[in-house]
Amino acid sequence: MFLWPIYGLSKKYSKKFKFKTNYSKTVFKKSLHVFFIDGGSDVELLLEFYSLLSPKYNLHAYGIFFTNTPRHADVLVILSRPTQKMLTIIQEAISQMPSPYGVILAENSQIGLDFEKLNLKNVVAHLKDVSEPTEILKKLIEIAQGGLIC
């Protein structure tokens, strides 16, 4: 009974002030689900990638979400060049992804197997010398908005 005056007051102000967002309408129409595999990277690239989850970058506002399984993912991000033992795990993850899907290769060192020799399908981006998470974020937003996956 005490809350009704507050409810009425908030309803009055919410009608008075209508807030506009800067996001276009197409951003929230379709979300992009990302699964990533650490192919054998040093911790630097992994921490840079994890920083995308911080509120500073606000991935959810762009409709980008991380998944725990490749079966729900649209994009697979492979961090660093894979080692020989990780190659079978990467191929198994790719085989479980629903089509259409895309693969982003991100590397910052020369250790591991060369990406060109792996013959991975549906590679939409190959980011070399990644030092900032914004480089990966720009590519994910580009895919989410433009739809590089076909």
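In strand E5 (123-128), Leu 127 is the bridge partner of Ala 106. Strands E4 and E5 run parallel and are joined by five bridges; two strands are taken as paired if DSSP finds at least two bridges between them. The model is predicted, and local features need pLDDT of at least 70, side-chain atom pairs count only at pLDDT 80 or more, and totals for chains, interfaces and linings use all residues. Residues are numbered from 1 along each chain as its sequence is written, and side-chain values use heavy atoms, with hydrogens and water left out.

The secondary structure of the chain comprises five helices and five strands, where helices (H or I, at least four residues) and strands (E, at least two) are DSSP runs numbered from the N terminus. From that terminus on, the elements follow the order α-β-α-β-β-α-β-α-β-α.

Five strands form an open sheet with parallel pairing, in the order E2-E1-E3-E4-E5. Strand E2 (64-66) and strand E5 are the edge strands, each pairing on one side only. From one strand to the next, the twist averages 25 degrees. Strands of a sheet pair through backbone hydrogen bonds, either parallel or antiparallel. Strand E1 (residues 32-38) pairs with E2 in the parallel sense over three bridges, and Val 34 has Phe 66 of E2 as its bridge partner. Five bridges connect E3 and E4, also in the parallel sense; here Leu 76 is partnered with Val 103 of E4.

Helix H3 (residues 84-96) packs on the sheet and touches E1, strand E3 (75-79) and strand E4 (102-107), contact meaning heavy atoms within 4.5 Å. The direction of H3 makes about 165 degrees with that of E1; axes are lines fitted to C-alpha atoms, for helices over the stretch in contact, and angles run from 0 to 180 degrees between N-to-C directions. Helix H5 (residues 133-146) lies across E1, E2, E3, E4 and E5, at about 165 degrees to E5. E3, H3 and E4 make a right-handed β-α-β unit: with the strands pointing away from the viewer, the path from the first strand over the helix to the second runs clockwise.

Strand E4 is mostly covered, with six of its six residues buried (under 20% relative accessible area, exposed being over 50% and partly exposed in between; 1.4 Å probe, protein chains only). Gly 102, Ile 104 and Ala 106 point one way from E4, while Val 103, Leu 105 and Glu 107 point the other way. Of the 150 residues of the chain, 37% count as buried.
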